[in-house]
Amino acid sequence: MGWKTLDDMDLNGKRVLVRVDINVPLLEGVVTDSTRIRRIAPTVRDILAAGGRPILLAHFGRPSGERRENLSLKQLIPTLERAFETRVRFAADCVGEGAKEAASTLQPGEVLLLENTRFHATETKNDPDLAAAMAELGDIYCNDAFSAAHRAHSSTEALARLLPACAGRLMQAELQALESALGAPNRPVTAVVGGAKVSTKLELLGNLVEKVDYLIIGGGMANTFLVAKGLSVGISLAERLMKDTAAQIMAKAEKTGCKIILPSDIVVTEKFESHAPHQVLPADQCPDNGMILDAGPESLKVINDIFEQSKTLIWNGPLGAFEFEPFDAATNAAALKAAALARAGRLTAVAGGGDTVAALNASGAAGDFTYISTAGGAFLEWMEGKTLPGVAALSRHE
């Protein structure tokens, strides 16, 4: 672990610049999902309890350097105050004299929210001058925005180099979960990768076949691999032009000793809609007018057996068209199996990605997974084996 946590810092009397992700959905100025705000509350509370004064830095939407009232963080204050159970003051800019005065007069027990960092166009260019102006407002930098850690921006990367730096509680939990899943995992390690397209997850698949013992491929992506094996997939979603790439990934897996698991039986229909008439067929018997929307029961048995043998599971993407019943069956059943093993302490189960979180929530399995990351792009880039600038900037302080 090359980074420090809040426990390693003397926070008493210090102004702590906390980079957070509170990019939450709004409808007519009201927060409709406060999950991201609730998840940063432990960091804010711990800083307050240690005598520190939290100053929040965050982006909101994509204003591209233009000050837009509908993208002002001021709208979030009532929700923040409920989550933190304390007063939240506001500064109309994230740098400058007004921000300095607000930071210097912040009272113990209060939180200061600075205005949208992306009202400055140079934020996304990792501008060192903007970072230096931000650094003037605090004594310590704390990054609690893993979901923005794959971006080298002024408030995520350059600023971390200017002050004593640490990870917040959410960032700490993310990094520890990810390290346990791919950094130094208990073996065997299994990865589930689903979703529509191979082309969007090429780097991910290429990295995983070097790291995991079993790679279970589902969703539309599995169809492309079936095509690469010479099977017909009818009118199913498949990237037929990617079949050579899929074949290369399978060849690489053979060399690394990673076993790729594809559906052995398929759930086939003619209509892409809920409760469409369907049948279960062997994977090599898809009719010309058939559309594969899920893995079948035999495939699920294979998946469950692999989960039973595994010590670590990392999951990104559904196994079928989980939005439409009954084509959510394989995703739901596999998720519940993984959740039961995790609950029993037999499996470290880590998942992430937008569709994945939605699918696991829908199945009722999410609560028993070891860790679920809400960071889409950052989670995917970490799975691809890439260095995340926001994490690397923290690591230099060891």
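A salt bridge is a side-chain nitrogen of Lys or Arg within 4 Å of a carboxyl oxygen of Asp or Glu. Keep that cut-off in mind. Everything I show today comes from a predicted model.

Start with Arg161 and Glu157. Their closest N and O atoms are 2.7 Å apart. That is within 4 Å, so the pair counts as a salt bridge. Now look at the surroundings of each partner. Is Glu157 buried or exposed? Glu157 is buried, with a relative accessible area of 11%. Arg161 is partly exposed, at 40%.

How many salt bridges are there in the whole structure? A search finds 18. I will pick out two more.

Next, Asp46 and Arg169. Here the closest N and O atoms are 2.8 Å apart. Asp46 sits in helix α1, residues 35–49, and Arg169 in helix α6, residues 169–183. Asp46 itself is partly exposed, with a relative accessible area of 33%.

My last pair is Arg187 and Asp213. Their side chains meet in a salt bridge at 2.9 Å, N to O. Where do the two residues sit? Arg187 is in the loop between α6 and β9, while Asp213 is in the loop between α7 and β10. They are 26 residues apart, and the pair links distant parts of the chain. What about accessibility? Arg187 is partly exposed, at 45%. Asp213 also counts as partly exposed, at 24%.

One more point, back at Asp46. Salt bridges with shared partners join Asp46, Arg169 and Asp7 into one network.

Notes:
Residues are numbered from 1 along each chain as its sequence is written. This is a predicted model: local features need pLDDT of at least 70, side-chain atom pairs count only at pLDDT 80 or more; totals for chains, interfaces and linings use all residues. Side-chain values use heavy atoms; hydrogens and water are left out. Helices (H or I, at least four residues) and strands (E, at least two) are DSSP runs, numbered from the N terminus. Buried means under 20% relative accessible area, exposed over 50%, partly exposed in between (1.4 Å probe, protein chains only).
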